[in-house]
Amino acid sequence: MSCFEGQLAGWVAPAHPTTVSTTQTIAALVAEYSTALYRVAFSVTRNAAEAEDAVQEAFLRVLRHESRLGEIRDYRVWLVRIVWNIVLDKKRRAKTRPEGEDLADHARALPSSDRPADASVISSQEHARILALVDRLPKREREALLLSAVEELTTAEIAAALGTTESSIRSRIFRARRELALLLEKEGIAR
Amino acid sequence: MNGSKHTVTDPRIDPLIDASLRTVGSATPVPGLEGRILTRLASERVRLEAAPTRFPHLSLGPGRRLPVRALGVLTSCLLAFVIVAGTVSYSHKLHSSQVVAPPSLVLPAQGIGAASAVHPAAPASAPVPAGQGARGRSNHHSGRARIAPHARKAPGVAVPAPSSNNSQN
C-alpha cells in the first residue's frame, strides 16, 4: 500500500457509511486536480507556500459543502473557480504581490529536466520582469492570460471559470499578449 | 489599450512571453501535495465530527439535520405574527375602553323637532350679566384719541390746542 493509499484509507475509515462515497469522491478530486489547481493558484500568488495553502483551502471548502457534490456538472471548472476566488481574495487582502515573490519560487517553477529549452530561453530575472509587466495589464486581460498559461485548462474551461464566452477569452488573451509585448519592447527586454 | 496601432518588431519578445507563461503554468508543487491535502482533510473531518452540533436537538442522525435556515425564517415569521397580532389586539382593547356613549338628544316638552332639542353637553342657557366695564366686542375705537374742545382739564396740565385741521377731520 502506497503512502497515498494509506492516508486515503486512514481518512475513509472513521467516516460514516453515508459519507464514504463523498469522501472517496473528494479523494479522487484531490488526486486528479490538485496539481492543476496548484498551478492556477501559483499563477496569481507566485509563491509556492501560498499556492499550496490556497489549494488546501479549496478542498476544505469542498469538504464543508460535500452535500453539493452531486449537483456539480464540471468538477474541474468548479474547483478552478474556488481556487481562483481564494487566491484573488487573498491577494486583495494581503497585497503581497510582487513583494512576496522570491527567486527560489521561480527556480522551482522552472523545471530543469522537463523544459530545458525554457530555462535557456528565459532567465529568472527576465521571468520576474515579465510577470511584473503582466501585473500591470488590465484585470480582465491579466486573468485570461494567467489562466491560459495553465496547461490543463482549455479556453472553454477558462471561459466557464471566469463566467464569459470563449471568444471573449480569446480576444482578451490576444489583447493581453499584444499589450505585454509592447510594454516589453518599450521598456527593453533585458535591463 | 492604445497599443493597437503599434507593432512589435523585436522577434525575441514572443518566445520570451511564451516561455514565461509556460513556467508559470507548469509550476510543480513540492512533492507530497496530495498527501498533505488528504491529511488536512482528514483532520478537518475529525474536527467537524467531534465538534458538538450548535443545535443538537435539531440533528436527526448522522448526516441528517433539520434545515436550520428554514427554521430561522419560520421563527421570524411567527415572531412577526405575534407582534402584529398583539399590537392589533391592544389597539382594539384601547379603542373599546375610550369609547363613550353616543350623545343623546333630550327632547323638550314644548317645541317641535331637533331645533329645540338640548344637547346634554351644552352649557346652561342662563344669561350671563355683563360687567360694568364690559362692552360689546364690536364697539371699539381706532385712530388717535380726540379731546373735546370744551372739556375740562385738570389745572397745570398742558394740553395742545386743537388745530383747525383736526376740527376739519
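Of the 191 residues of chain A, 39% count as buried. The model is predicted. Chain A holds 10 helices and zero strands. Its elements, read from the N terminus, run α-α-α-α-α-α-α-α-α-α. Among contacts in chain A with a separation of 6 or more, 65% join residues 24 or more positions apart.

A:Val40 counts as buried because 32 other C-beta atoms lie within 10 Å, and the cut-off for burial is 20 or more. Neighbours within four places in sequence aside, A:Val40 is in contact with A:Val80, A:Val83, A:Trp84, A:Leu147 and A:Val150. In sequence, A:Val40 and A:Leu147 are 107 residues apart. In space, their C-alpha atoms are 6.6 Å apart.

The loop between α2 (17-45) and α3 of chain A contains A:Arg46. Most residues other than glycine have a negative phi. A:Arg46 is not a glycine, yet its phi is positive, at about 55 degrees. A:Arg46 also counts as buried, because it has 26 C-beta neighbours inside 10 Å.

Two helix pairs in chain A were examined. Two packed helices are described by the angle between their axes and the distance between the axes. The crossing of α3(A) and α4(A) is right-handed. On the α3(A) side, the contact involves A:Glu50, A:Ala54, A:Val55, A:Glu57, A:Ala58 and A:Arg61. On the α4(A) side stand A:Leu79, A:Ile82, A:Val83, A:Ile86, A:Val87 and A:Lys90. Eight residues of the contact of α3(A) with α4(A) are nonpolar, none is polar and four are charged. A:Val83, part of this contact, is also among the residues that A:Val40 touches.

The second pair is helix α8 (residues 139-149) of chain A and helix α10 (residues 166-187) of chain A. Their axes come within 8 Å and cross at roughly 100 degrees. α8(A) is therefore roughly perpendicular to α10(A). From α8(A), the contact draws on A:Arg140, A:Glu141, A:Arg142, A:Ala144, A:Leu145 and A:Ser148. From α10(A), it draws on A:Ile169, A:Arg172, A:Ile173, A:Arg175, A:Ala176, A:Arg177 and A:Glu179. The residues of the contact of α8(A) with α10(A) comprise five nonpolar, one polar and seven charged.

Helix α7 (residues 124-135) of chain A was examined for its span. Its 12 residues should span 16 Å at 1.5 Å a residue, and its end C-alpha atoms are 17 Å apart, so the two values agree. Buried in α7(A) are A:His127, A:Arg129, A:Ile130, A:Leu131 and A:Val134.

Chain B has 169 residues, and 11% of them are buried. Its secondary structure comprises four helices and zero strands. From the N terminus, the elements of chain B run α-α-α-α. Helix α1 (residues 13-25) of chain B has 13 residues. From its first C-alpha to its last, α1(B) reaches 18 Å, close to the 18 Å expected at 1.5 Å a residue. The buried residues in α1(B) include B:Leu16, B:Ile17, B:Ala19, B:Ser20 and B:Leu21. B:Arg22, B:Thr23, B:Val24 and B:Gly25 are buried in α1(B) as well.

Note on methods. Residues numbered from 1 in each chain as written. Chains lettered and ligands numbered in written order. Predicted model: local features only at pLDDT ≥ 70, side-chain atom pairs only at ≥ 80, totals over all residues. Left-handed = near helix turned anticlockwise from the far one by under 90°. Contact = placed C-beta atoms within 7 Å. Nonpolar A, V, L, I, M, F, W, Y, C, P; charged D, E, K, R; others polar. Expected span 1.5 Å × (residues − 1). Buried ≥ 20, exposed ≤ 12 C-beta atoms within 10 Å, placed from the backbone. Axes fitted to C-alpha atoms, helices over the stretch in contact; angles between N-to-C directions. Parallel < 35°, antiparallel > 145°, perpendicular 65-115°, else oblique.
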